[in-house]
Amino acid sequence: MPLKHTILGLLNYKDMTGYDIDRWLQKPISFFWHAQTSQVYKELNVIMNHHWVECHIEVQEGKPNRKVFSITDEGRIELTRWLGDADLTEIMKYKNPLLIKIFFSGNIDLGSTMRLLEKYIAECNAIITSMNEDTRNIPGYEEQFQSEDASFYWGMTMTYGFMYYQNEIKWANWCIEKLKEKIDE
């Protein structure tokens with residue numbers, strides 16, 4: 001469900017092609033929501049069948065024609081309904097593949113677990129670096145969407161991301177210290 005609503009939210013800013021939507025899911029918002037390109041096009045078909053979006057062909061000279069999607073009034077109603085839904089049941093279901101690996105790490109040597117955590121720290125740092133780039137691009141996004149209010153909320157999500165990954169690094173370093181203590185026993 002959230003992918004449908006992510007697409008509606010993006011189209012609520014402005015009309016986009018499937019490629020444009022996919023680019024947003026690959027970079028600016030990928031730290032908290034991502035999807036495969038094929039999923040984007042599948043969901044576009046689903047939400048078109050719900051009459052939440054419509055599509056028109058933009059003819060281009062010397063280039064292939066573009067399918068441009070726009071949100072309908074019904075789509076805006078659905079987006080508003082979803083945004084206001086206070087049911088957190090699905091949101092609170094948490095799955096973390098790394099924690100499953102750590103949970104069962106008693107079945108491998110301590111060094112392998114430490115290397116996994118070190119790699120995780122490096123990945124978290126890479127995401128933080130990427131998010132710093134995205135933060136610098138917010139003024140450009142505001143101009144592109146002609147929406148200054150949106151950046152207030154984008155800032156909230158970016159701050160969440162920074163705090164989340166910084167905490168993940170702190171936790172992974174704590175785990176590594178615990179593993180080192182175990183080695184020294």
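This is a predicted model: local features need pLDDT of at least 70, side-chain atom pairs count only at pLDDT 80 or more; totals for chains, interfaces and linings use all residues.
**Exercise 1.** State how many salt bridges a search of the whole structure finds, and examine the one that joins aspartate 20 to arginine 23.

Solution. 
- The search of the whole structure returns 8 salt bridges.
- In one of them, the side chains of aspartate 20 and arginine 23 meet with an N to O distance of 4.0 Å.
- Both residues belong to helix H2 (residues 18-26), where they are 3 residues apart, so about one helical turn separates them.
- Aspartate 20 has a relative accessible area of 18%. Buried means under 20%, so aspartate 20 is buried.
- Arginine 23 has a relative accessible area of 47% and is partly exposed.

**Exercise 2.** Decide whether glutamate 90 and lysine 93 are buried or exposed, and give the distance between their closest N and O atoms.

Solution. 
- Glutamate 90 and lysine 93 form a salt bridge in which the closest N and O atoms are 3.0 Å apart.
- The cut-off for an exposed residue is over 50% relative accessible area.
- Glutamate 90 has 57% relative accessibility and therefore counts as exposed.
- Lysine 93 has 53% relative accessibility and also counts as exposed.

**Exercise 3.** Describe how helices H1 and H4 cross, and list the residues that make the contact.

Solution. 
- The axes of helix H1 (residues 2-13) and H4 come within 10 Å and cross at roughly 120 degrees.
- H1 and H4 are therefore oblique to each other.
- The crossing of the two helices is left-handed.
- On the H1 side, the contact is made by Pro2, His5, Leu8, Gly9 and Asn12. On the H4 side, Gly75, Arg76, Glu78, Leu79, Arg81 and Trp82 take part.
- Sorted by class, the contact comprises 4 nonpolar, 4 polar and 3 charged residues.

Key
Residues are numbered from 1 along each chain as its sequence is written. Side-chain values use heavy atoms; hydrogens and water are left out. Helices (H or I, at least four residues) and strands (E, at least two) are DSSP runs, numbered from the N terminus. Buried means under 20% relative accessible area, exposed over 50%, partly exposed in between (1.4 Å probe, protein chains only). Axes are lines fitted to C-alpha atoms, for helices over the stretch in contact, and angles run from 0 to 180 degrees between N-to-C directions. Angles under 35 degrees count as roughly parallel, over 145 as roughly antiparallel, 65 to 115 as roughly perpendicular and the rest as oblique. A crossing is left-handed if the near helix is turned anticlockwise from the far one by less than a right angle, and right-handed if clockwise. Contact means heavy atoms within 4.5 Å. Ala, Val, Leu, Ile, Met, Phe, Trp, Tyr, Cys and Pro count as nonpolar, Asp, Glu, Lys and Arg as charged, and the others, Gly among them, as polar.
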